Amino acid sequence: MKKTFLGILASCAVLFASCAYESDRKPCSVSFFAMDTYMTVTAYGKNAESALNDVSEKIIALEKMWSATDENSEVYAINNSGGKTVPVSKETEALIEYALEISEATDGALNITLYPVLKAWGFTTGEYRVPSDDEIAALLENTGCEKVRLDSGSVTIPEGMQLDLGAVGKGYAGDIAVSILKERGVNSALLDLGGNIQAIGSKPDGTPWRVGLRNPFDGGSLAMLEVSDCAVITSGGYERYFTDENGSTYCHILDPENGRPAESGLASATIIGSKGRLCDGLSTAVFVMGQEKAEQFWRGYGGFEMVLVTKGGEVYITEGIEESFTLNGEYPDTRVNVIR
Ligand code: AMP
Ligand code: MG
């Protein structure tokens, strides 16, 4: 969650929501930079303007708690505690608790203890390199969600371990933002938290929100999903990666089993469900699992839908979104398989 100068400027400068005018049908929106990405939240209704200002402030405050690089953050304190117990806010406790739950449910595919391994690959700084097998093996010794101790109001991790909440934080922040908006009586809003989409209700005219799904190969829009009241969150190898001198590419999502960029055959994984935290955690985990394991997981765990795009360009969607998924006409040759 490194912040660029431009980002700091943007988060300071664009804090205030702008509204067309106060009417249920006119949009009010706020854009800001947080969690290493641009975010835009659009809401409708009487209280939208003040609620949006609270939302942007809250998300920026959450970033200050969860950033692994900000020396004043709670995560930084945990990561530099030398094995001592660190007091944390209720939001951080809840986020870590949830991440540990998803880690267990996904058989460890989601793993919030990989920060030192991500650092070794250069994903935290942009100074990319391919670490040796020995270096990775040594770093993996200090990983493992089962070693994270969570008590009421505090977290303890072994010396040498470091957490990275990047795979779940934005989804959780989205859920908190949705609660703020709903508490203020907003019942129609679209949150775009750097490509993590969360919708409250439907559009003011009662029709569903139309969410574009990115084509992982060319950045175009691969398909459109019609949704109401849910989150649509994608993890993709294209979001951050590097290429070495031999032309091999390495993406920012690691397989916790071997500490190497996940090579599961997927180019992207999109999860659709009622909560941002679930969708964010699962999008990362499903990307690690690959198509076959993801299908089994979907059948067993349930409670969400997904769109998988394989590196070969095939698309897999789960049956619950068959009616709301429309492939972009620009890709007539793309094969869409329905998982039942
Ligand atoms: P997302 O975009 O939600 O899939 O999150 C990806 C980010 O989560 C990466 O940039 C890393 O900071 C972190 N990460 C990478 N691999 C994993 C993993 N297997 N489990 C949890 N976090 C991960
Ligand atoms: Mg995620």
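Author: A disulfide is a pair of cysteine sulfur atoms within 2.5 Å. This is a predicted model, in which local features need pLDDT of at least 70 and side-chain atom pairs count only at pLDDT 80 or more, whereas totals for chains, interfaces and linings use all residues. Side-chain values use heavy atoms, without hydrogens and water, and residues are numbered from 1 along each chain.

Reader: How many disulfides does the structure hold?

Author: The structure holds zero disulfides. The sulfur of Cys 145 has its closest cysteine sulfur in Cys 251, at 18 Å, which is too far for a bond. Cys 145 is buried, at a relative accessible area of 12%, and Cys 251 is buried at 8%; buried means under 20% relative accessible area, with a 1.4 Å probe and protein chains only.

Reader: Which atoms coordinate the magnesium ion (ligand 2)?

Author: Donors are N, O and S atoms within 2.8 Å of the metal (3.2 Å for Na, K and Ca); water is not among the atoms, so sites may look incomplete. Here Ala 167 (O), Asp 280 (O), Asp 280 (OD) and Thr 284 (OG1) coordinate the magnesium ion (ligand 2) at 2.1 to 2.5 Å. Their spacing along the chain is A-x112-D-x3-T.

Reader: Is Asp 280 buried or exposed?

Author: Asp 280 counts as buried, because its relative accessibility is 5%.

Reader: Which residues have the most contacts inside the largest nonpolar core?

Author: A nonpolar core is a set of buried Ala, Val, Leu, Ile, Met, Phe, Trp, Tyr and Cys residues joined through side-chain atoms within 4.5 Å. The largest one has 78 residues, and those with the most contacts inside it are Val 41, Ile 59, Trp 66, Ile 96, Leu 181, Val 286 and Met 306.

Terms used:
Chains lettered and ligands numbered in written order. Buried < 20%, exposed > 50% of the residue type's maximum accessible area, 1.4 Å probe, protein only.
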